Amino acid sequence: MSVDARAWTEANQRHLAAALARVGAALRRHAGDESASAPDAPPVERGAGEPALERIAEGFSLSEFERDVLVLCAGAELDAGFAALCAAAQGDPRRTAPTFGLALAALPGAHWSALSPSAPLRHWELVHVDPRDGVAAAALRIDERILHFLTGVWCLDERLEVLLEPLAPAAALPPTHERLAARAAAALAGSLGEQGGAAVQLCGDSPSAARAVAAAACAQLGVPGWTLRGADVPRAADARRALLLAWERETVLAPGVLVLEWESAADDPETQRAVTAFAERAASPLVVASRDPLRTQRVLVRVDLPRPPAAEQRLLWERALGADAVARANGRLDRLVAHFDLDAHGIAAAAQSARAEGGEDGALWDACRTQSRPRMDDLAQRIEAVAGWDDLVLPPAQMQVLREMAAHVRHRALVYEGWGFAGKSSRGLGISALFAGASGTGKTMAAEVLADELRLDLYRIDLSSVVSKYIGETEKNLRRIFDAAEQGGAVLLFDEADALFGKRSEVKDSHDRYANIEVSYLLQRMESYRGLAILTTNQKSALDTAFLRRIRFVLDFPFPDAAQRAEIWRRVFPGRTPTEGLDPAKLARLNVAGGNIRNIAVLAAFLAADADEPVRMAHLLRAARSEYAKLEKPLTDAEIGGWR
């Protein structure tokens, strides 16, 4: 304990002891001891050194009588002699607890209004009363939090302790966020310790960045911050009022800022209503951290929280890695900044993770991928990209286009930023592609190959599950996906594009009009997305040609001919798989796509393993019959003739 803190504690104890002595003397006089007197109270130092009792009296606007009632209840907890005094003053040895009736009779300046539920003692729950025996006759008990505060012991109200978390001290912020923290602090500064405090809304897609900016604002104000998750806000109105009362009482005792973290787009309507009602009624300084604006009747000072620009991200990387690690990176740092849009917390975590891996080449890149995953893993299916160029069998023209796509993504930052193309126009900078072809022709495998080549995560999004019949919901779902993916520049694979990109019909009602808006929104986000977005379709003819013109790469995946099928058969079995007598030329007569070939190969491998034999043509024949039955196709003699 510091010297100043020790001095305050001692002074506070002397002040409280004098108050207890004064109230005790009043009880003795009421019991008949006319000679009872109390020592003079020590002088009160206002400001930071103000005694806790005076802080409570001033903060909750207590009258002198209400102040003495509080001291009376505290004495019953702190001084064993108060029980005897209460019994003597009430003329009954069994009545050892203080009551309002005793206070009205024994304490100076008594007024009946102090008993009212709306008066400070009961409204702020400074004392608790059981009114079943009548308010005046019921025993009074001081609230535990208030008792601890009076004695100079700090502890959070137990109702708040289970819901609030202390805001961690702010780490070093990028300059952009430092300026925003100063703006938030300025908006909150005039209302600390007052009812009806100001409210600030931090809007951004990074909860950790919002938390850091809020922490920096609290540090500038010199007060602690506490976080409350929107999901923990009570749905029931009475429980919500109790929480608000507990928090507002806490801010009178010790000024602080509440940071309400609201996952707006993901929350259900009931949670949104509860959060809105809480924010509107929180009569204390408040920060709402959310991705979307919170619509309330209360005035919220909105502060948009963008991710740090590339130059500031590089500065954060240099701070996190240190000079030696930056030198070893040998230019790879620019590529990290170009592909991963991380905030300060993500950069620090990635640097720490890479150091834990020994700083090996590629460890930092993989750490960035890991930092980018959490939000996307909740929205889409992550596909482990294990296929390489050697696994893909396509005509040379298609292979060339795929390699060009990889080059576009790899050198995007150099061409757009370094060579100035982004300065000419902000439109059309995204890298989008359409993969069209029948099932099993390699569309998903091609996406895997690109992700593996670029060392980026691949996420598959089923558009049929994203599209909603409710107006506005489709755009909301798409926005959540793209906002989450921006952090890591992941490869996005949208299946069944024809579910959304079908040929437009005449606009007959509002649903047709909103369907076109949904399509335009997806195209707009694909054009601005910093990573690679791929649409797939089995029915290219069903797509609107106007939409196709806005896709940068359109790649047809043809049904494999006999030569390509033979090549697929040569590559389909891993090197460790035991095989015997397989004839790719004969197998290529099976008129199926690559996906079906893989299914046949896998089933044949299981049949061979069960028979404890190497994979032979006989196993493949059985597997082919099963696959054709699933496809409801006849297996002709021309396809399997001469297999035996």
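These legends accompany close-up views of a predicted model.

**View 1. Helix H18, from residue 396 to residue 410.** The helix has 15 residues. From first C-alpha to last, H18 reaches 21 Å, close to the 21 Å expected at 1.5 Å a residue.

**View 2. The two sides of H18.** Gln398, Met399, Leu402, Met405, Ala406 and Val409 are buried. These residues cover an arc of only 115° around the axis, so they sit on the same side of H18. Pro396 and Ala397 are exposed on the other side.

**View 3. What the buried residues of H18 pack against.** Three helices are to be found here: H15 (332-339), H19 (412-418) and H21 (443-454). The strands are E10 (431-437), E13 (532-537) and E14 (553-557).

**View 4. The largest pocket, with a volume of about 1,100 Å³.** Its lining holds 40 residues, and Gly442, Met445, Gly594, Gly595 and Arg598 are the closest to its centre. H21, E13, H26 (562-572) and H28 (594-610) each supply at least two lining residues. H28 gives the most, with seven. By class, the lining has 16 nonpolar, 15 polar and nine charged residues.

**View 5. The second largest pocket, with about 830 Å³ of space.** This pocket is lined by 33 residues. Nearest its centre lie Asp205, Ser206, Pro207, Arg291 and Arg375. Two or more lining residues come from each of helix H10 (207-221), strand E8 (301-304), helix H16 (344-356), helix H17 (363-377) and helix H23 (473-486). The lining divides into 15 charged, nine polar and nine nonpolar residues.

Technical notes. Residues numbered from 1 in each chain as written. Predicted model: local features only at pLDDT ≥ 70, side-chain atom pairs only at ≥ 80, totals over all residues. Heavy atoms only, no water. Helix = DSSP H or I, 4+ residues; strand = E, 2+ residues; numbered from the N terminus. Expected span 1.5 Å × (residues − 1). Buried < 20%, exposed > 50% of the residue type's maximum accessible area, 1.4 Å probe, protein only. Arc of directions from axis to C-beta. Contact = heavy atoms within 4.5 Å. 1 Å grid on protein atoms, 1.4 Å probe; cavity = no way out; pocket = protein on both sides within 12 Å on 5 of 7 lines; lining within 4 Å. Points joined across faces, edges and corners; volume = space filled by probe spheres on them. Nonpolar A, V, L, I, M, F, W, Y, C, P; charged D, E, K, R; others polar.
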